[in-house]
Amino acid sequence: EEKKSLSFVEQMVKDDLAEGKNGGRMQTRFPPEPNGYLHIGHAKAIAIDFGLAKKYGGECNLRFDDTNPVKEDTEFIENIEQDIKWLGYDWAHVYYASDYFQELWDFAVWLIKQDRAYVDEQSAEVIAQQKGTTTSPGTNSPYRDRPVEESLKLFEFMNSGKCEPGKMVLRAKIDMAHPNMLFRDPLIYRVLNIPHVKTGDKWNAYPMYDFTHGQCDFLEGVTHSWCTLEFVEHRPLYDLFVGWMKEWLGTLENPQKLGYLENMGDKFADFEGPRQTEFNKLNLNYILLSKRNLRTLVSEGLVNGWDDPRMPTICGFRRRGYSPEGIKNFMEKIGYTKIDALNDMALFESALRDDLNTRALRVSAVLDPVKVVITNYPEGQQEMLTAINNPENEADGTHEVEFSREIWIERDDFMEVAEKKFMRLAPGKEVRLKNAYIIKCDEEHPCDKDADGKVTTIYCTYDPETRSGLPGANRKIKGKTLHWVSCHNAVKAEVRLYERLWKMENPRDELKRLEEEEGIKGADALRQMMNPDNLHILTDCYIEPFAAKLPALSYLQFQRIGYFNVDPDSTPEKPVFNKTVGLKDTWKK
Ligand code: ATP
Ligand code: MG
Ligand code: MG
């Protein structure tokens, strides 16, 4: 078998380790902003941040990017942690970007003293106007050459709580004519005057993303900092600030005391600093990501919470019945590249099916039931038959299913007037009942119907010689094998079927179009894009008792129907199941 080549990210790790870079140490981080739940896009980042650290003996830390002093949301923090663990990963430490506010402040003060940063008192609009364009240089701020002492004082004032937000910002002094627009004296601190969950009202001036991320990477000893492609043009600035920080460290008596640098012990001497590498974001057809949109779906009640099985969140997919292994298989299949792509939902589902096939317990459930009476089977008698739990894994064993005179089958497995190609139950025709007998539908009196002509009962006889396991079971028939459950012990169940959430294949583009071209925004746009027919709740299904007793989140295959999962709403009296995915690809027409 041909060996699959490594992704460029993994190859880079291998090469770096082989060259002994950073003293042979490898460290990553996963940096979510605690302002929502993780979605399937995050799983792609998690799979390398945690996955490669695990594979190459490195360390991955969870770093909450809490530079925005938004209101407390321990709910988000706890759920992010839970989702990462569910995916099968663990972190060495949990850090917060706010852990480094003091270091970032001290670093900024040093930059001011070095005349590499200044306080600008112009408005955001004026600063924006002075930026210039990609083809023309910008204009220097009149405050650019103010005395260092003045900037130092004003920077203190920015943090005093007395400075009005927007009145002043701290800017790095780089080059207002630089071809990379981000180098035209970028803002590095702004005033917010909002207390922070972790640091209280200690800070009123907060660092900007570009001045934070690389610095946090540095202060933790991160060697490989992976992010998505939109940060490509930020990388030179990332490198510049990391370089400046190294310089600053060189001036300190005990630089290893900063941040968490001490954790790397004597490898500190070999630490070359973090390196940013970008990979392509996960984009999936039929799916809308981005926390902003997902938050709207939840807050507007367009779905039932973050873990609604229609949500592309990790917790939504978990509840839907996606497995961590299936998700990881998919990430491996699509790989990591330098080109943005739109991945196919059908490929995701096929990766899932491959995994669910190995772990799902095969059970019988009838979603649209109609009763069959087996007229030659003794009344009041039941017998127990054996069903294999999973033909893919013998170790999963077997369970018993009950057979009796009355059973439920699917309504569409019977036709009173059958077409020629109909291989299921019809007058005079034989079918096999899975794990049980061959039955034959009466020719004389095949069924009863109600006043509307709807079939209420089907009449059949069974062939006692064809019981599964007996030699007679090998008798060849034209009809198919049907699934069924015994009326005597079947449990009534609710089954939730999910259709596409969006009407279009590329909801991201449509949202953009609605917002930009039609001025329809936020919840209104989402409402308009939604497939109104995205959920079917079936409340009159019947399931065998074995399946009704399984704990929430069990992986099942309803034979002949699809993969299903036990919903946490289930009670022993009323089990509830979510359809995960069908047995066949239904995305392509
Ligand atoms: P969103 O834009 O959906 O809100 P985000 O990037 O703002 O996502 P963060 O919490 O900042 O969310 O992301 C944490 C990490 O997950 C980042 O390293 C980010 O690059 C990565 N990430 C987010 N979305 C995707 C995606 N679609 N594919 C791959 N990685 C992603
Ligand atoms: Mg973000
Ligand atoms: Mg974002």
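Which residues are buried in helix α11 (residues 324–334)? I found Gly326, Ile327, Phe330 and Met331. I call a residue buried if 20 or more other C-beta atoms lie within 10 Å of its own, exposed if 12 or fewer, and partly exposed in between, with C-beta atoms placed from the backbone. Helices (H or I, at least four residues) and strands (E, at least two) are DSSP runs, numbered from the N terminus.

I am working on a predicted model, where local features need pLDDT of at least 70, side-chain atom pairs count only at pLDDT 80 or more, and totals for chains, interfaces and linings use all residues. Residues are numbered from 1 along each chain as its sequence is written, and chains are lettered from A and ligands numbered from 1 in the order in which they are written.

I went back to α11. Its four buried residues, Gly326, Ile327, Phe330 and Met331, sit on the same side of α11 because they cover an arc of only 140 degrees around the axis. The arc is that of the directions from the helix axis to the C-beta atoms. An α-helix has 3.6 residues a turn, so residues three or four places apart point the same way. The cover over the buried residues of α11 includes α2 and α12 (345–359). Contact here means C-beta atoms, placed from the backbone, within 7 Å. Glycine 335 follows α11 and has a positive phi, near 70 degrees.

I then checked α6 (residues 148–158). Its buried residues are Ser151, Leu154, Phe155 and Met158. They share the same side of α6, since their arc is only 110 degrees around the axis. Among the elements covering them are α4 (101–113), β5 (169–172) and β6 (187–191).

**Ligand 1**

I counted 15 residues around ligand 1, the closest being Pro32, Gly41, Ala45, Leu282 and Lys291. Near means a C-beta atom, placed from the backbone, within 6 Å. The largest share, four residues, comes from α2.

I listed the contacts of isoleucine 543, leaving out residues up to four places away in sequence; they include Val363, Ala365, Val485 and Pro575.

**Loop residues**

Tyrosine 286 has a positive phi of about 70 degrees although it is not a glycine. I placed tyrosine 286 in the loop between β9 (275–279) and α9 (291–299). Is tyrosine 286 buried or partly exposed? It is partly exposed, with 19 other C-beta atoms within 10 Å.

Asparagine 435, also not a glycine, has a positive phi near 65 degrees. It lies in the loop between β16 (430–433) and β17 (438–441). Asparagine 435 counts as buried because it has 22 C-beta neighbours inside 10 Å.

Aspartate 396 is in the loop between β13 (382–388) and β14 (398–404). I noted it as partly exposed, with 16 other C-beta atoms within 10 Å. Beyond four places in sequence, aspartate 396 touches Leu361, Asn389 and Asn390.

Note on methods
Two residues are in contact if their C-beta atoms, placed from the backbone, lie within 7 Å.
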